[in-house]
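Hi,

Here is the structure I said I would pass on. Have a look, and my notes on its pockets and cavities follow below.

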Amino acid sequence: MSDISPQISSTAQFTRPVEVFVVRKPKQRYWLHILLLVATVFTTLVVGARMEFNFLHGMPAFSLADNSLGWFPAAWAFAQPSRLLLGIPFAATLMLILLAHEMGHYLYCVYYDVFATLPYFIPAPTLIGTFGAFIRIRAPIRSRKALFDIGIAGPIAGFIVALLVLVISLPLSRLPAIGSPPSELGYPLIFMLLWPFTAVGHAHPQALQIAYMHPMAIAAWVGMFATALNLLPGGQLDGGHIVYAIAPRLHTWATRLAIVALVPLALYGSEVWALWAVFLGFSGMRHPPVPRWPEMDAGRRWLAILGLLMLILTFTPAPFLGSSIMQILH
């Protein structure tokens, strides 16, 4: 919509009309946000119930043994709907972590008057019941400071909530019975640092890899993994926005280096990194232009170091054990 209103100069010979354009924000489709939210709550409840069932019966969270419930036991849950209550600890904490991350972005968009949608949650019958969440930014970002703040706010908010959940839930983890299969997850540095401060970890400091995590701790693991993914320094990821805000000319090279680094990780760590290498390649080597001036201040550059520290704490070369390309081929 536009509104054209002529402005008349006091000097007649310089009189000319001036066009003033009023851009109206698109309407939010609240019904879609609510529908996706409800669907994601359901899918995370189903997988959360499965995790809690496995945890209570001394099995790994993602066990697919003959006596397990299967990949996505919706029929099992519908047969007795009260079983969904088992999924509340996992579903509630995971949804809270995802919401914190996206609201970190959204609130800073509001602060800088950049139009963005509310979070879209993505339900999926996966091992964790979702593909995550995202917001859509539908307006130009007018400064590198705004880009930096919007980019880093999500990972910081999500990391803080995931860390609180981890501190609460990690002590609830158990050691398996003798002969039980080990956990399928690889753990980031933050888990290793906190494990010795738990009762089980203090008594068995080397037992982290075989411990059965409480479903809330698995939600924290998902939150940490999502933080690491988003902080990868390239493309349209949060890490890519941060790199561009600090040094626009380095963004393309940072993206290329990230893709190169992910290749050996896919070969010897987990095939999931191959998917993210492809994603970075297709998400764009070029970043949408943002005004170069004003320059970034020193305080935000120090905050970028915090972002790097979060990446180090949450990154794991092999998030899913036994899933490297070399292992799969052999």
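The lining of the largest pocket splits into 30 nonpolar, 13 polar and 4 charged residues (nonpolar means Ala, Val, Leu, Ile, Met, Phe, Trp, Tyr, Cys and Pro; charged means Asp, Glu, Lys and Arg; the others, Gly among them, are polar). Before the rest, the ground rules: this is a predicted model, with local features needing pLDDT of at least 70, side-chain atom pairs counting only at pLDDT 80 or more, and totals for chains, interfaces and linings using all residues. Residues are numbered from 1 along each chain as its sequence is written, and side-chain values use heavy atoms, with hydrogens and water left out.

On terms, everything sits on a 1 Å grid over the protein atoms alone: a cavity is a set of points where a 1.4 Å probe fits but cannot get out, a pocket is an open set with protein on both sides within 12 Å along at least five of seven lines, and lining residues have an atom within 4 Å of a point. Points are joined across faces, edges and corners, and a volume is the space filled by probe spheres set on them.

Back to the largest pocket: it holds about 1,400 Å³ of space. Of its 47 lining residues, Phe131, Gly132, Ala133, Asn230 and Trp276 lie nearest the centre. Two or more lining residues come from each of H3 (88–111), S4 (130–134), H4 (144–169), H7 (215–230), H8 (238–246) and H10 (272–283), where H is a helix (DSSP H or I, at least four residues) and S a strand (E, at least two), numbered from the N terminus. H7 gives the largest share, 8 residues.

The second largest pocket has about 270 Å³ of space and 15 lining residues, with Pro233, Gly239, Ile242, Val243 and Leu308 nearest its centre. H8, H9 (251–268) and H11 (298–314) each give two or more residues to that lining, and H11 gives the most, 5.

H1 (30–56) and H7 each supply at least two of the lining residues, with the largest share, 3 residues, from H1. The cavity lining divides into 13 nonpolar, 2 polar and 1 charged.

Cheers
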